[in-house]
Amino acid sequence: MKQYVLQRFIQMIIILFGTSFIIFFLFAMLPGDYIDSNLSLTPERAQELKALYGLDQPMLQRYFTWLGNVFQGNLGYSLKHQESVTSLLNKYVWNSFIVALLALFLTWTIALLTGVLSAIKQYSLLDGIVTFFVFAAMSFPSFFISLLFIKWFGVDLKILPVGGMIDTGSNSTGFAYILEVGKHMILPVTILTLLSIGSLTRYFRTGMLEVIRQDYIRTARAKGLKESVVIFKHALKNAILPVITLLAFELPGLFSGAIIMEQIFNWPGVGRIQLESVSFRDYPVLMAFTLFLSCLTIIGNFLADVTYAAVDPRIRLK
Amino acid sequence: MNGGLGMKKGISGLILLIGLLLLLSACALSSSGDEETKDSEQKKDDVTVEKAEEKSYKATDLSVLPDKTKARKDTFVAGISAPGGVFLPYFYENGWDGNVTTPIFSPLVDLDKDGKPVPILAESWDTSKDQLTYTFHLRKNAKFSDGSPVTADDVAFTLTLLHDPAYTGYQDISLAEIKGGKEYKEGKAKSIEGIKVLDDQRIEITTEKVNAKALLILGGQVLSKAYYGKDYEYGKLDYLKELYSKPLGAGPYVFSKYVPGQEIRYTANGKYYNGKPKTENLIYKIIDKATSLQQFETGELDYASFPADDDTVGQLESLKFANVQVAPVNDYGLIYVNNTRPQFKDKEVRQALLYGMDRQKIVDVRFKGFGQVADVPVSPVSWAYDNEGVTQYEFDAKKAKELLDKAGWKIGENGIREKDGVQLKIRYLTADAEDAVIPIAKENYSDIGIQFEPEITDFNALVSKLSAKEYDFAAVSTSQILDPSDTVEDLSTDNPNNYVGYSNPKVDKLIQEGLGTLDIEKRKGLYHELYKEFTQDPPYILIHYRQSARAISGQIEGLVPDNYTGIGSSLPNISI
């Protein structure tokens, strides 16, 4: 097991390097840089600025300068925001995180329950209704359903705020502040949950269906175990194994920010920063954030493999 | 395309022009009693306004004001799009941060609603006979919000700072050509020869070339030397980063708090030279265009600006508590035509391209009655706008065919015109996937034997193709036009940013003359000449002037948004 973990760990480091290299060059090769998009600069001024920002150097040199800085813990300085990338991301990423975390928790809980329920009552009316609703929810375009909910709950009923994270001009602190943010979170979290619940429910349902047809479940039932014990103790454990991989993939999603949702709800998350950094070619932000997400993806994968090995002896034996 | 860059709102405006809030636009509200009337120009403006069909709707029922609005007795909330947090003029990289600095930092000179300079922190200014030397007379009672007076030293410091070799901001001070500026930047001189502090209230600045745009560059927002200059060393500006989030200026409002991604809060400045503003609190709330209407409807905002269309205007009107103004915006949309390509070299071909495209239809489809076909390269709100004697190029396929025939482009293979082995094919670059030009121009042009292929691309890619002159047609839009020269100067033959590849000696001369005098009346005549020449020998295809709808909550008084400063200039007068 130790060797397996070590092996995977070394692979992970190599992949990270490779990723950083590819990402850097892909972005650097996109046409136009931060200075180019400003058409009004005189060529002399543009040249001066490029020299000041180091954009006039050859690509390879820029990569190694950047890499060297990363090793010293310096992720760079945002051209657009004129502040260090670390403090910039730190300002916004947690706002995205709390929404994503809550949505993740809700999605998994609800999906687990509905998935299992519709599996054990396969082809029943309940199964039909659940299937219908989860498919309907995941089929709506997010901007449409967001705007619809804003109209219903924000404009017509006036029970929930239209957007933002706090009330305009609010100075609340402590518990009042938490309540206020909570109120603003209801709509974004609901919508994120609605959108992602569908596919997950299907995973749980399928996983469960496969397991309950197996012999050992019949044996368990034949032993006279209670149905709830059969389902939740014996079947569920095996049914959720494949889903570990899925959960690991959710890790980067917790930090990446939901671009459309954040935009519509004025949620001060990191999604907009990311989008802006692409359109303005703000390389330091773009690089730091993309690398951060790929790190999380790779770490998530690593964790999935290790957890898998831990919970499923069949994998370890190989 | 040079529009307004280097000034506050310009920077991001170039890129995103879809419904930008606070990228404020036309107004010419007739009730602006505090404006001095300028006889002859006033008349001109009235003509323009009528043409652009300005509409306004008054609030009819203040009792339906949302509770949130009614509850605000001393706070004014306006919408802003996406500020970034660098609240220092000349140093921010995001145009929205410029809007945030407007209430905090007042300039020496600003523009009025017609785009003409007006004194703010300067009481007045004189220019020498040769138009090279400017003397600014500062107001005696102008103070920074910490109580210290605004002096000529502060102005000198601000201008010197912009000449520092480490300065990376958007302001290209070299355009003002202050005497000795270059030497200072290169480290050959200890100070800038052309900047002379005469006494506390008077500063004299000598430039080397007459430039109509220099006044605004020189008379920009003033930074306090005591606050921003205490750690200044030549070639080192990093210390300023500490102060980006702690602005201090001489404007009507004092910065109090920035909640990232949410709002910026201000309080009234008791030290403001023109008296403390009537409304104690000001909030710029960050909103998204997708829901700004809902924000306004629920009373989260007192002021917002929307792209004009029937739905939005109708809905704003039906709220009953809003004063709505629909008016032209200070920019225009156009299609760059690469004059260096053999197909587009002849002016007859470019004329034919204008006649052959149904621009009225394009504008109608895109703006649904809230736009008009552009005829001269400046917005109808500018003092320079004059379309008398300008050919309108109304859609006329027959004329287009005649012109093409005359120029020697004959129908060849597959019905596409050709001449000397070159086919008349157009590749059209646009960053807008729903560009109304695509279907209409494709149909129009194929009727007259021109092949039109659209290519939807990312804006940066479009720009890089523009600067490499590797394009046929490219759709762009100007940012806010502060000076009529902004949009035309890159068309002069030797301008390095002449992406169109246009060359016309008469135009070169007129552009130079237009910049080479400070006399607005004279400039008007010159630009009119220039616009007439442009319709004879069109450099590119002008497409649209658009309109915006601005909504002001009914309980707000004294807010008169204009096309040059937005709500900036009326901030001190707002009352509830």
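Biologist: Which residues in H4(A) meet A:Val270, A:Gly271 and A:Ile273 in H12(A)?

Modeller: Happy to start there, with the reminder that this is a predicted model. By class, the residues of this contact between H4(A) and H12(A) are six nonpolar and two polar, with no charged ones. On the H12(A) side sit A:Val270, A:Gly271 and A:Ile273, and their partners in H4(A) are A:Leu88, A:Leu89, A:Tyr92, A:Val93 and A:Ser96.

Biologist: Are H4(A) and H12(A) parallel, perpendicular or oblique to each other?

Modeller: H4 covers residues 85-120 of chain A and H12 covers residues 270-279, and their axes lie 7 Å apart. The packing angle is about 130°. Perpendicular would need 65 to 115 degrees and antiparallel over 145, so H4(A) and H12(A) are oblique.

Biologist: On to the partner chain: what is the area buried between chain B and chain A?

Modeller: The contact involves 54 residues of chain B and 48 residues of chain A. In chain B, B:Glu93, B:Gln262 and B:Asn460 lose the most area to chain A, together 15% of what that side buries. Carbon and sulfur atoms give 54% of the area buried between the two chains, which is about 4100 Å².

Biologist: Which residue of chain A forms a salt bridge with B:Lys185?

Modeller: There are two salt bridges between chain B and chain A, alongside 18 residue pairs in polar contact, both residues at pLDDT 80 or more. In the one with B:Lys185, the closest N and O atoms are 2.9 Å apart, and the partner is A:Glu48.

Biologist: Which element gives the most to the side of chain B that touches chain A?

Modeller: By class, that side of chain B has 27 nonpolar, 16 polar and 11 charged residues. The elements that each supply at least two residues are strands E9, E10 and E11 and helices H9 and H15 of chain B. With six residues, the element that gives the most is H15(B).

Note on methods. Residues numbered from 1 in each chain as written. Chains lettered and ligands numbered in written order. Predicted model: local features only at pLDDT ≥ 70, side-chain atom pairs only at ≥ 80, totals over all residues. Heavy atoms only, no water. Axes fitted to C-alpha atoms, helices over the stretch in contact; angles between N-to-C directions. Helix = DSSP H or I, 4+ residues; strand = E, 2+ residues; numbered from the N terminus. Parallel < 35°, antiparallel > 145°, perpendicular 65-115°, else oblique. Contact = heavy atoms within 4.5 Å. Nonpolar A, V, L, I, M, F, W, Y, C, P; charged D, E, K, R; others polar. Buried area = accessible area lost by both parts, 1.4 Å probe. Salt bridge = Lys/Arg side-chain N within 4 Å of Asp/Glu carboxyl O. Polar contact = N/O pair within 3.5 Å; in protein donor to acceptor, adjacent residues only side chain to side chain.
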